[in-house]
Amino acid sequence: MSKLIVSPSPHMLSRNSTANIMYDVVIALIPALFVSVVFFGFRTLLVTAVSVVSCVVFEYLIRKLMKRPNTIGDFSAVVTGVLLAFNLPPAIPIWIVILGDFFAIVIVKQLFGGIGQNFANPAIAARIMLFMSFGTYMTTWTSPFAYKGGVDAVASATPLMEINSANTLDLFLGNVPGCIGEVSALALLVGGIYLVIRKVINPVVPVVFIGTVFIITWIAGDNPVNQILAGGLMLGAIFMATDYATTPASFWGKVIFAVGCGIITAVIRLFGSYPEGVSFSILLMNLLTPLIDRITFVKPFGVGGAKQNV
Amino acid sequence: MSIVKSKRFLHGAKVSHFKNTHEAPTVDLPLPEKLVVPMIQHMGAPCEPIVKVGDKVYLGQKIGESPAAFSAPIHSGASGIVAEISDFHTSFGASCKKVVIQTDGAQTLDPSIRKPEIKNREEFIHAVQESGVVGLGGAGFPTHVKLNYKDIDRVHTLVVNVAECEPYITSDYRACMEDTSEIANGVRAVKKYLGIEKVFIGVESNKPNAIKALDQAFEPTENVTVVELKSLYPQGAEKSIIYATTGIVVGKGMLPADCGVIVMNVTTIGFIGKFMMDGVPLVSRRITVDGDIVEHPKNLRVPIGTPIQALLDFCGVDAEKAGKILMGGPMMGTPVFDTSAPIIKNNNAIVLLSQAASVIPPTTACIRCGKCIAVCPMRLMPAKLEKAYDKRNVENLKALSVDLCINCGCCTYICPAKRHLAQKNQLGKLLLKAQAKEANAK
């Protein structure tokens with residue numbers, strides 16, 4: 001008689017897996033990647049490919065060095081690679097991309113314990129590091145369709161500089177200078193809706209984050225629709241403020257997190273000397289997440305005594 | 001005579017239902033040559049055999065009992081001769097005795113059996129005890145102990161559990177369709193002798209025929225409401241069904257009876273209803289046989305003590321193909337080590353999983369996705385509990401209320417990293433118990 005397996009219940013598992021979740025995120029980012037090629041040419045594919053390969057290689061090497069099990073199969077390094085590339089301008093030198101990947105994977109992620117243990121979103125932290133270190137490269141923008149030739153390749157400003165005069169439709173479709181993955185609100189929203197349907201992300205953080213920026217900029221007198229379509233807000237709110245390890249677990253925790261991100265983004269955009277505030281807001285709120293988790297602790301069922309609701 | 005849709009529910013996981021045997025009428029399993037009757041088939045103290053090898057026994061004759069109050073007597077499922085009394089290991093790892101009966105095929109009923117005459121609550125509870133009935137939904141809690149709770153006068157509501165939320169199992173559903181009058185009888189008996197005012201019958205929405213049948217079995221004056229529950233595992237968990245039907249939140253560390261409610265499985269109540277009419281103790285029960293390797297799943301009426309192999313032979317199942325054979329459903333069932341294991345009182349199904357379905361995937365790192373927290377009916381945080389157990393942090397385990405875990409398995413089910421969350425919770429509970437024992441001993 002063949003040996004029967006005896007193990008504790010449950011004996012049925014869902015089809016969820018870490019890899020499936022990561023595949024879904026990559027699928028959700030494909031529309032934005034496609035749009036980036038349309039507006040900025042094939043260089044965006046090169047940057048993204050280099051970023052992905054570097055992330056995977058760095059993860060493989062550092063895990064080997066640390067004598068830990070190989071985790072590149074869970075595809076999370078690929079996701080970080082794509083997200084970091086999306087946070088960079090199309091003309092970024094390739095060596096800077098690789099440097100950013102090293103910082104994201106080796107320092108922010110693996111040295112703190114790997115997937116699930118990172119204290120901040122690796123792509124956001126790497127973008128900030130690159131921005132601090134290579135300000136010029138990180139703010140050299142490319143005009144859309146510049147690759148078709150004859151047009152001035154280097155744009156001097158992103159729409160965030162003159163937010164109220166920017167063309168709303170351009171902002172929505174992505175026909176503006178900016179980072180590779182952040183320009184097209186439409187492509188990012190399509191990806192975001194896919195992730196909500198696939199139950200990969202809870203829509204509360206993107207909705208509250210974007211909503212808070214909308215409300216504050218509206219009160220401040222700016223064009224709120226332009227504000228939420230411009231810059232890295234869509235990319236950050238949908239894909240990086242929803243990173244599992246660095247955001248609160250409970251519903252109200254997520255709300256507090258998203259409101260905090262929204263306030264900081266809006267304040268930096270309105271009053272700060274940087275045009276962009278999304279990455280700083282996410283990083284700062286990532287750091288506060290453990291405290292937010294503590295104050296939004298969900299009480300188990302029945303703790304606090306019996307209740308008779310009829 | 002009213003059907004109500006429940007508006008509230010505790011969380012859970014959307015598992016596939018696989019209710020392939022909903023419309024399979026119960027078929028009698030032919031009597032096997034031998035019945036293997038273990039002396040533990042319930043929660044509480046094991047019984048001692050009260051027969052000797054060579055004794056002639058009748059169908060329904062008491063063959064095991066315990067002087068302890070928290071126990072239930074055991075009766076023979078066939079007439080025949082006691083062939084052997086020896087040691088037995090249950091699938092839970094406990095040790096007890098077993099009584100092996102060589103059946104004679106005649107099924108001669110014990111002549112001392114007659115319809116019970118009940119005049120009051122005490123006699124009712126005594127009769128329930130003598131019938132040997134325990135929680136037939138799977139828990140095996142001695143029913144007479146539940147009905148004899150010290151504050152039973154405070155109990156004003158009976159909840160009948162027809163959730164049957166586990167995949168594959170349909171034995172409670174078939175009881176609703178085939179034994180409807182017995183169920184109604186049982187509800188009336190419990191209501192009368194315990195002085196209960198209200199009855200709620202909770203049925204998951206995937207059993208519309210049962211909802212109708214149960215609703216029609218009662219008069220409007222009987223104050224029986226059928227509540228349609230969301231088909232979300234584990235709506236049949238005690239605290240979940242109480243919350244969904246009555247809105248009552250049973251406090252941590254309290255029993256439902258402390259909040260005025262008792263919950264009974266529908267098959268248990270149906271048995272009590274039948275016992276009130278014919279006095280025959282618990283000697284057989286309905287078993288669903290199903291699983292991904294079972295081509296012809298069936299519902300069978302099986303004498304208690306029948307080896308599982310007899311059920312597999314009758315259904316034409318090749319046990320060689322199985323990776324796991326479970327007593328119970330795939331979410332909370334207990335695997336058996338081989339098919340000579342007998343059917344016991346609180347089994348309601350035998351589920352066979354293929355080798356492919358029995359593979360335990362490798363565990364990967366927790367990604368803090370929070371799905372386990374979203375899915376837990378008791379609103380616990382399995383990811384945090386696991387960390388606390390791994391560090392043997394008893395203070396944290398207590399603070400995170402690991403003792404509220406009902407072992408439904410939703411957290412392990414939903415985890416993308418395939419972590420053994422529910423299993424670690426059970427270890428956490430054992431750790432707390434061991435610590436408490438040590439502290440008391442000092």
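Predicted model: local features only at pLDDT ≥ 70, side-chain atom pairs only at ≥ 80, totals over all residues.

Visitor: Why is R379(B) called partly exposed?

Guide: The relative accessible area of R379(B) is 33%. Buried means under 20% and exposed means over 50%, with partly exposed in between. R379(B), at 33%, therefore counts as partly exposed.

Visitor: Which loop holds N407(B)?

Guide: N407(B) sits in the loop between α11 (394-399) and α12 (410-414) of chain B. N407(B) also has a positive phi, about 60°, although it is not a glycine.

Visitor: How do you know whether N407(B) is buried or exposed?

Guide: Its relative accessible area is 18%. The cut-off for buried is under 20%, so N407(B) is buried.

Visitor: What about Q129(B), and why does it get the label it has?

Guide: Q129(B) is found in helix α1 (residues 121-131) of chain B. The relative accessible area of Q129(B) is 24%. Buried would need a value under 20% and exposed one over 50%, so Q129(B) is partly exposed.

Visitor: What is Q129(B) in contact with, leaving aside its neighbours within four places in sequence?

Guide: With those neighbours set aside, Q129(B) is in contact with P73(B) and H144(B). Contact means heavy atoms within 4.5 Å. There is also a C-alpha distance to look at: Q129(B) and P142(B) are 13 residues apart along the chain, and their C-alpha atoms are separated by 7.8 Å.

Visitor: What makes helix α3 of chain B "mostly covered"?

Guide: Helix α3 spans residues 171-178 of chain B, and six of its eight residues are buried. The buried ones are S171(B), D172(B), Y173(B), R174(B), A175(B) and C176(B).

Visitor: Where are the cis peptide bonds that join S9(A) to P10(A) and Y233(B) to P234(B)?

Guide: In chain A, a cis peptide bond joins S9(A) and P10(A), with omega about 5°. P10(A) lies in the segment before α1 (18-40) of chain A. In chain B, a cis peptide bond joins Y233(B) and P234(B), with omega about -5°. P234(B) has its place in the loop between β12 (224-229) and α6 (238-246) of chain B.

Visitor: How do you know whether chain B agrees with a compact globule?

Guide: We set its radius of gyration against a rule. For 442 residues, a compact globule would have a radius of gyration near 22 Å; chain B has 22 Å, so the value agrees. Its C-alpha atoms fill a box of roughly 65 × 55 × 55 Å along the principal axes. Chain B has 13 helices and 19 strands, and 60% of its 442 residues count as buried.

Visitor: And what does the globule rule give for chain A?

Guide: For 310 residues the rule gives a radius of gyration near 19 Å; chain A has 21 Å, which is counted as agreeing. The box for the C-alpha atoms of chain A is roughly 75 × 55 × 30 Å along the principal axes. Chain A contains 13 helices and three strands, and buried residues make up 57% of its 310 residues.

Visitor: What makes up the accessible surface of each chain?

Guide: For chain A the accessible surface comes to about 13,400 Å², and carbon and sulfur atoms account for 70% of it. Chain B exposes about 17,500 Å², with 54% supplied by carbon and sulfur atoms.

Visitor: How many residues are in contact where chain B and chain A come together?

Guide: 68 residues of chain B are in contact with 39 residues of chain A. The two chains bury about 4,400 Å² between them, 60% of it on carbon and sulfur atoms. On the chain B side, V249(B), I367(B) and R368(B) lose the most area to chain A, together 15% of what that side buries.

Visitor: Why give an interface as an area?

Guide: The size of an interface is often given as the accessible area lost when the parts come together.

Methods:
Residues numbered from 1 in each chain as written. Chains lettered and ligands numbered in written order. Heavy atoms only, no water. Helix = DSSP H or I, 4+ residues; strand = E, 2+ residues; numbered from the N terminus. Rg over C-alpha atoms; globule rule 2.2 N^0.38 Å. Buried < 20%, exposed > 50% of the residue type's maximum accessible area, 1.4 Å probe, protein only. Areas by Shrake-Rupley, 256 points an atom, 1.4 Å probe, with all protein chains shown as cover. Buried area = accessible area lost by both parts, 1.4 Å probe.
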